[in-house]
Amino acid sequence: RIDRRTFTCTPVAAFLPPGYTRTLLPAAFYPATQPPLPLWPYTAAGWDGEAFVAAAIRTDPMDHSAARHYDDRNLLPLIERRLNQSPENPILRQLVRCATEYHCLAAKNLFLGRWEAPLPVASACNSACVGCISWQPSAGVKASHERIRYTPTPQDVVEVALSFLAAVPDAIASFGQGCEGEPLLVADVIAEAIRTIRAATGQGTLNLNTNGSLPRRVEQIARAGLDSIRISLNSALPETYTPYYQPRHYRYADVKESILRSKALGVYTTINYLVFPGVTDREEEMDAILNLIRETGLDMIQMRNLSIDPELYLRTVPPAQGKCVGIRALLRIIRREFPRVEIGYFNRPKELFGTLLCDTLVF
């Protein structure tokens, strides 16, 4: 009630565009047991007197996900043309589905001939992330995507990647996408494909998005000619990492070892830091991530929003031990302590390795 008037409350949350990292969760009340909410990055929203606003910080100046860059009227003829060139390629057929059914921007960019293109290759995974967007148990929340069911040959990979890398300025071709499992499980396929691509061209950036679970396979792929790697984690604390990732036959220590080996082999090394206000900005988590940066010398932190029901995640990870400093304060501390480390949201082409685009932003 406000001034003797009774209002019906409706829950509201914002979903941010890529390049923005949330700083607050929406207010929520769970009056009874219910199925988990869909896998979205729920963000606090409000009204500032003139417009709707959301609690967020821009963490990447790149605008490759802006709606103005995508018009399916231009896309569909390009898809038809490219598919006619390689109608039996399983990767290409999957990317048609990703572009038209899931509206994956990376898949669209393959056909539009720009920026970063995906190369989904892995049908299985060695973790069971609580918020996995490509696989969920039958009793869980519905996955956002259906995981691929094929295993490509190295030649399938080369057929898709080579023409893209050779023709697109500052191109990135990435293994490890939302519609697949863990690419390290098909390291032989990836390594052979990379060697073939690099024998044909030195153009473009070959990137691997991974959970970093198998250091020897990370090394195998790196030695084949990998340019960059992005290793995902929700926490630099094993006791918070493990209940979310539910790793099978690996430990958090293996993930850290993969970061160390990547750096030692000269690969541009990024962590895909899954941000959740109230967990990511805890004092104990901040200390752990600062130590991880210090011990590994990693090159970049991508501050990506974790898509999950907030109540489910808070039930999954241990309760806070210290206070929360805030996402903005965490970013400022990282920049102050490690001025050479890039902060962002998107993968970088090798032409921008070492360039701090985050210096154009105000945290």
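The lining of the largest cavity divides into 4 nonpolar, 5 polar and 1 charged residues, where Ala, Val, Leu, Ile, Met, Phe, Trp, Tyr, Cys and Pro count as nonpolar, Asp, Glu, Lys and Arg as charged, and the others, Gly among them, as polar. The model is predicted, with local features needing pLDDT of at least 70 and side-chain atom pairs pLDDT 80 or more, while totals for chains, interfaces and linings use all residues. Residues are numbered from 1 along each chain as its sequence is written, and side-chain values use heavy atoms, without hydrogens and water.

The largest cavity holds about 50 Å³ of space, and its lining includes Asn207, Ser228, Ile229 and Arg348; a cavity here is a set of points, on a 1 Å grid over the protein atoms alone, where a 1.4 Å probe fits but cannot get out, and lining residues have an atom within 4 Å of a point. Strand 8, strand 9 (268–275) and strand 10 (300–305) each give two or more residues to this lining.

Strand 7 pairs in the parallel sense with strand 8 (residues 228–233) over 4 bridges, pairing requiring at least two DSSP bridges between two strands. Within this pairing, leucine 208 has isoleucine 229 as its bridge partner in strand 8.

Technical notes
1 Å grid on protein atoms, 1.4 Å probe; cavity = no way out; pocket = protein on both sides within 12 Å on 5 of 7 lines; lining within 4 Å. Points joined across faces, edges and corners; volume = space filled by probe spheres on them.
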